[in-house]
Amino acid sequence: MHAQRLRQLRQERGLTQRNVADGLNIAESSYQIYEYGRKKPGFDKLVALADFFDVSIDYLVGRTDNPSVNQ
């Protein structure tokens, strides 16, 4: 997963890391680990991130630059 994409999506929406973590029902530190690229989320969290940001999984993992492909 591209950690830069998470940061970009969050900032474009004017959200804090806390906002995203709360939306995913995870600890803020857990989300930070994903955004800083220290750990990749498991499949369930990847799906939750795609749903939260309303983008495709392919976009999150860098397979496409089109956020709506395969939704």
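Mentor: A residue is called exposed when its relative accessible area is over 50%, buried when under 20%, and partly exposed in between. Please keep in mind that the model is predicted.

Trainee: Is Glu 12 buried or exposed?

Mentor: The cut-off for exposed is over 50%. Glu 12 has a relative accessibility of 53%, so Glu 12 counts as exposed.

Trainee: Which residue forms a salt bridge with Glu 12?

Mentor: The closest N and O atoms of the pair are 3.8 Å apart, and the limit for a salt bridge is 4 Å.

Trainee: How many residues apart in sequence are the parts tied together by Asp 65 and Arg 5?

Mentor: The two side chains meet in a salt bridge of 2.5 Å, N to O. Asp 65 is exposed at 63%, whereas Arg 5 is buried at 13%. Asp 65 lies in the segment after α5 and Arg 5 in helix α1, so the parts tied together are 60 residues apart.

Trainee: What separates Arg 18 and Asp 22 in helix α2?

Mentor: Their side chains meet in a salt bridge at 3.3 Å, N to O. The two are four residues apart in helix α2, so the separation is about one helical turn.

Trainee: At what angle do the axes of α2 and α4 cross?

Mentor: The axes come within 10 Å, and the crossing is right-handed. Residues in contact include Val 20 and Leu 24 in α2, with Leu 49 and Phe 52 among those in α4. The crossing angle is roughly 115°.

Conventions
Residues are numbered from 1 along each chain as its sequence is written. This is a predicted model: local features need pLDDT of at least 70, side-chain atom pairs count only at pLDDT 80 or more; totals for chains, interfaces and linings use all residues. Side-chain values use heavy atoms; hydrogens and water are left out. Axes are lines fitted to C-alpha atoms, for helices over the stretch in contact, and angles run from 0 to 180 degrees between N-to-C directions. A crossing is left-handed if the near helix is turned anticlockwise from the far one by less than a right angle, and right-handed if clockwise. Contact means heavy atoms within 4.5 Å. Buried means under 20% relative accessible area, exposed over 50%, partly exposed in between (1.4 Å probe, protein chains only).
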